[in-house]
Amino acid sequence: MTEVTISRRNALLGSAATLGASAAGGLIGLGAAEAKAPLSKLQAPQFYRFPIGEFQATIVSDGPLPLGEPSTSMKGITKDEIAKALSDNFLPLDSVVLEQNLIVLNTGSRLALFDSGMGTSKMFGDTTGKLLANLRLAGINPASIDDVICSHAHIDHTGGLADAKGRRFFPNATIHLAKSDYDFWTDEKKLSDANSKAFVAHARQNLLPYKGRIKFIEDGKDVIPGVQAMAVPGHTVGHTIFIIKSGAKSLVYTADITHHQILLTEKPRTEFAYDTDPKAAVVSRLKVFDMIASQKLPMLAYHFPWPGYGHLAKQGDGYRYYAEPMEFVKIPPKKA
Ligand SMILES: [Zn+2]
């Protein structure tokens, strides 16, 4: 058993609680009965809702994606720097775990899903591929999704569109994706390249069943009313983020402009092993971070700790992420 040091203050609080219980009468046995309760594996359902002006966002998880030993994915930063940054933030040193936070946006006229998770791929283990189950928990029918807006064609973003038999999980949806990414990741010739083979095979499994239902995204244009595309190449050739706007409110869906709230945010010049062009990715990252921090735009980061909704502020030569507190009950404004 691990030894735990209890301060004198906590010990005193403990005895005060016992005294309180006996004073209440008949409650003395309660603590003992609770201690015998079996450990529960039940967790909170993995969806979270908040408004963006007149729109409603529901964040749904596809499950955590463990990348393994950090120095295999973080480049241009020493192992010592990685270890210090992680331990200073009480994070484990043996594996970087990325979340997968997907937005379902209800604009009142369209129901749009942003990216689609890993789907049937088990490349990163079996903690991923939870999107459909979590959509169900959130009361969202995949058949009612009108649009799937994809930031890029990597395995963890377009991976959840169709199964291995070519059946579409979102039978009525239009898929939106940059043409350059579509061409790059569905390119048959890359199937013979050991490095990209698995990514290309999975992109083809997921995108080809939507032939005729794919609309190519144009930089600066609205993908659907209220959702503007912004090309930020580097992570992939056609990597795109989206600015969601309703009335005076907005949210920037930052996709893979950063994968980690510390290693690629407080140290934004770190390069990520899965970037197609890591130098261009750093340039795009700094441009987006500056936009978000200087205009105080709320962000939704696909790979940040659940649910990935928060803010960025400049800190030294990097940026610091501030998670937005989750709000489960709307507190009415105070009357004057
Ligand atoms: Zn990703």
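Let me begin with a definition: a salt bridge here is a side-chain nitrogen of Lys or Arg within 4 Å of a carboxyl oxygen of Asp or Glu. What you see is a predicted model, where local features need pLDDT of at least 70 and side-chain atom pairs count only at pLDDT 80 or more, while totals for chains, interfaces and linings use all residues. Residues are numbered from 1 along each chain as its sequence is written, and side-chain values use heavy atoms, with hydrogens and water left out.

Confidence next. pLDDT is the predictor's confidence in each residue, from 0 to 100. The chain averages 92, and 90% of the residues score at least 70. Residues 14–26 have a pLDDT below 50, and beyond near neighbours in sequence this stretch has two contacts in the model, a contact being heavy atoms within 4.5 Å. Where pLDDT is low, the predicted coordinates should not be read in detail.

Now the salt bridges. The structure holds nine of them. In one, lysine 179 pairs with aspartate 183, with the closest N and O atoms 2.7 Å apart. The two are four residues apart in helix H6, which separates them by about one helical turn. Helices (H or I, at least four residues) and strands (E, at least two) are DSSP runs, numbered from the N terminus.

Burial also needs its cut-offs: buried means under 20% relative accessible area, exposed over 50%, and partly exposed in between (1.4 Å probe, protein chains only). Lysine 179 is partly exposed at 43%, and aspartate 183 is partly exposed at 37%.

Which residue forms a salt bridge with arginine 110? The partner is aspartate 147, and the closest N and O atoms are 2.6 Å apart. This pair links distant parts of the chain, 37 residues apart: arginine 110 sits in the loop between strand E6 (101–106) and strand E7 (111–114), and aspartate 147 in strand E8 (residues 147–149). Arginine 110 is partly exposed, with a relative accessible area of 31%, whereas aspartate 147 is buried at 2%.

Aspartate 163 bridges to arginine 167, the closest N and O atoms being 2.8 Å apart; aspartate 163 counts as buried, at 11% relative accessibility. Asp187, Lys189 and Lys190 are linked in a salt-bridge network.

On to the sheets. Two strands pair if DSSP finds at least two bridges between them. Seven strands form an open sheet in the order E1-E2-E6-E7-E8-E9-E10, with mixed pairing. Strand E1 (47–52) and E10 stand at the edges with a single partner strand each, so one side of each is left without a neighbour in the sheet. From one strand to the next, the twist averages 25 degrees; axes are lines fitted to C-alpha atoms, for helices over the stretch in contact, and angles run from 0 to 180 degrees between N-to-C directions.

E1 and E2 pair antiparallel over six bridges, with tyrosine 48 opposite isoleucine 59 in E2. In their hairpin, which has two residues between the strands, glycine 53 takes a positive phi near 60 degrees.

In helix H7 (residues 197–207), Phe199, Val200, His202, Ala203, Asn206 and Leu207 are buried. Seen down the helix axis, they fall within an arc of 165 degrees, so they line one face of H7; the arc is that of the directions from the axis to the C-beta atoms. These residues pack against helix H5 (155–158), strand E9 (174–177), helix H6 (179–185) and strand E10 (214–216).

Is histidine 154 buried or exposed? Histidine 154 counts as buried, at 3% relative accessibility, and lies in the loop between E8 and H5. Not counting residues up to four places away in sequence, histidine 154 touches Gly159, Trp185, Phe199, His235, Thr236 and Tyr274.
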